[in-house]
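Please open the model in your viewer and keep the sequence panel beside it, so that each selection can be followed in both places.

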Amino acid sequence: FFGFIFFGMAVGSIFFVNHLWQFYMAVVTGRFIIAGLLQIAPGVVVSKWFVKRRGRAMAFAVVGTRFGQMSMPLLAQISLSIVGWRSASVVLALLVWVTTLIPILLFLKRQPEDIGLLPDGMKSNEGESDQLIETTYSLKEAIRTPAFYFILIATSGLMFNIGGINFNLFPYLTDKGIPEDSAISILTFWAGVSAVGALGIGFVVEKFHIRIVMAVGFLVVTLGVVILMLTTNVYHAYSFALVHGLAFGALPMLIQLVWAEYFGRAHQGAIRGFVTPIQLVIQAGGPLAGTFMYDIMGDYYYALILFALIYLIL
């Protein structure tokens with residue numbers, strides 16, 4: 001609740017910007033709140049409320065994120081064109097508060113036990129609570145296991161690639177001669193396909209071990225990067241958006257899910273709070289690596305080779 005209050009204030013503060021450093025402060029503050037709090041809390045809450053149906057529940061949560069990513073740029077552009085950028089920041093801040101604070105106050109609870117319930121709607125008097133048994137690790141216990149570090153390396157590498165590819169995707173497409181309006185359409189299609197991938201994988205991961213699902217996801221997303229490397233026209237780009245989008249939509253959801261699947265739901269807040277700063281620092285290196293290699297090599301091709309190799313290694 002307080003995270004969204006402060007995030008709305010950060011967005012609305014752009015109304016008062018008169019110098020570039022003030023704009024940077026507003027954006028950095030907003031990003032700090034999103035990455036440091038608002039990206040962690042929903043995944044932790046979903047993990048606590050669901051065990052048997054955790055995959056599909058997390059999928060619906062991530063699909064909401066994807067639709068937000070699709071709709072907010074359009075809403076921002078409409079606001080900008082009607083009232084200008086200063087007033088648009090206030091409109092967006094109010095939109096943040098209305099769409100988050102009211103539902104949080106009315107519906108959000110930390111975990112089902114706080115209101116006398118069990119995950120997945122189970123009832124203890126029917127013997128269903130036996131299905132809730134899962135291995136539970138505290139943060140101190142988790143960091144003593146090899147699995148913790150393998151998962152941290154895999155998820156951090158994935159976030160490195162996500163940052164590197166997403167940040168450079170639009171200029172890469174336009175460098176290949178694809179018109180800007182077509183590139184925007186491709187990215188919109190890519191985001192829509194990602195939502196489908198996130199939703200579908202939520203049901204798949206309930207049937208197969210998450211380790212196998214993630215391995216397949218890494219292979220598919222690597223294929224998408226290869227298609228992007230070979231892209232020379234709009235049709236190739238749409239093929240990339242289809243293949244890469246399906247896997248890209250699934251993998252961020254699996255990042256949210258894998259920690260609860262391996263270490264249980266009881267200490268997800270502490271575990272995610274520990275690993276997320278590490279992941280975000282590594283993610284910040286992705287865009288830097290991509291643009292640095294472009295400046296040195298004069299092409300994004302070699303950066304894409306790096307990203308593809310990282311996916312294969314992971």
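## A guided tour

Begin by selecting Arg-265, which sits in the loop between α9 and α10 (268-297); helices here are DSSP runs of H or I with at least four residues, strands are runs of E with at least two, and both are numbered from the N terminus. This is a predicted model, in which local features need pLDDT of at least 70 and side-chain atom pairs count only at pLDDT 80 or more, whereas totals for chains, interfaces and linings use all residues. Residues are numbered from 1 along each chain as its sequence is written, and side-chain values use heavy atoms, with hydrogens and water left out.

Is Arg-265 buried or exposed? Arg-265 is buried, because its relative accessible area is 13%, and buried means under 20%, exposed over 50%, and partly exposed in between, with a 1.4 Å probe and protein chains only. Show its side chain together with that of Glu-113, and you will find the two joined by a polar contact of 2.3 Å; such a contact is a pair of N or O atoms within 3.5 Å, where within protein one must be able to donate a hydrogen and the other to accept it, and residues adjacent in sequence count only if both atoms are side-chain atoms.

Next, select Leu-254 in helix α9, a residue that is buried with a relative accessible area of 1%. Leaving aside neighbours within four places in sequence, Leu-254 is in contact (heavy atoms within 4.5 Å) with Ile-201, Val-205, Ile-210, Val-213 and Met-214. Leu-254 and Ile-210 are 44 residues apart in sequence, yet their C-alpha atoms are 7.6 Å apart in space.

From Ile-210, move on to the whole of α8, whose buried residues include Ile-210, Val-213, Met-214 and Leu-228. The buried residues of this helix pack against α6, α7, α9 and α11. The end C-alpha atoms of α8 are 28 Å apart, which agrees with the 28 Å that its 20 residues should span at 1.5 Å a residue, the expected span being 1.5 Å times one less than the number of residues.

Now colour α7 (residues 180-204), a helix of 25 residues that reaches 36 Å from its first C-alpha to its last, close to the 36 Å expected. Among its buried residues are Ala-183, Ile-186, Trp-190 and Ile-201, and the buried residues of α7 pack against α4 (54-107), α6 (146-175), α8 (210-229) and α9 (234-263).

Which residues lie nearest the centre of the second largest pocket? They are Phe-150, Ile-151, Ala-154, Arg-211 and Leu-314, out of a lining of 14 residues. On a 1 Å grid over the protein atoms alone, a pocket is an open set of points with protein on both sides within 12 Å along at least five of seven lines, a cavity is a set where a 1.4 Å probe fits but cannot get out, and lining residues have an atom within 4 Å of a point. The space in this pocket is about 300 Å³, a volume being the space filled by probe spheres set on grid points, which are joined across faces, edges and corners. Helix α6 gives the most to the lining of the second largest pocket, with 6 residues.

Finish at the largest cavity, which holds about 70 Å³ of space and has among its lining residues Gly-164, Asn-168, Tyr-172, Leu-228 and Phe-307. Here too α6 gives the most to the lining, with 5 residues.
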